[in-house]
Amino acid sequence: MSADLAPYVGAATVIGAAAVTWAARLASTARTTEAAVFTEPEPGVRYLRCDTPRCAHMTRPHRPQADGTWVCSNCGDEKGGSL
């Protein structure tokens, strides 16, 4: 091999090693093809932001009440009727 080709062979080796490392890292983080389980929401339920620290201000299912309020299914906190 000529001394003129040595830098090119070295660069190709480095690029090849980087490509193999990159492919190995992507392969280990590949997502599964399993679908998430879907459950039909209850009729009349709204997903509203719960304002209590117990629910961590996350969106939770709220069930309607006869007086027009909504009750959180996780903590039982009530939201007003005019949403």
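The model is predicted. A search of the whole structure finds 0 disulfides.

**The sheet**
- Strands of a sheet pair through backbone hydrogen bonds, either parallel or antiparallel.
- β1 and β2 run antiparallel and are joined by 4 bridges.
- Across this pair, Tyr47 stands opposite Pro61 in β2.

**The loop residue Thr52**
- Thr52 sits in the loop between β1 (46–49) and β2 (59–64).
- Thr52 counts as buried because its relative accessibility is 9%, and the cut-off for buried is under 20%.
- Leaving out residues up to four places away in sequence, Thr52 touches His57, Cys75 and Asp77.

**The two cysteines**
- A disulfide is a covalent bond between the sulfur atoms of two cysteines.
- Cys50 is in no disulfide, and its nearest cysteine sulfur, that of Cys75, is 3.6 Å away.
- Cys75 is in no disulfide either, and its nearest cysteine sulfur is that of Cys50.
- Why is the pair not counted as a disulfide? The sulfur of Cys75 is 3.6 Å from that of Cys50, whereas a disulfide needs sulfur atoms within 2.5 Å.
- Cys50 has 1% relative accessibility, so Cys50 counts as buried.
- Cys75 has 17% relative accessibility, so Cys75 counts as buried too.

Terms used: Residues are numbered from 1 along each chain as its sequence is written. This is a predicted model: local features need pLDDT of at least 70, side-chain atom pairs count only at pLDDT 80 or more; totals for chains, interfaces and linings use all residues. Side-chain values use heavy atoms; hydrogens and water are left out. Helices (H or I, at least four residues) and strands (E, at least two) are DSSP runs, numbered from the N terminus. Buried means under 20% relative accessible area, exposed over 50%, partly exposed in between (1.4 Å probe, protein chains only). Contact means heavy atoms within 4.5 Å. Two strands pair if DSSP finds at least two bridges between them.
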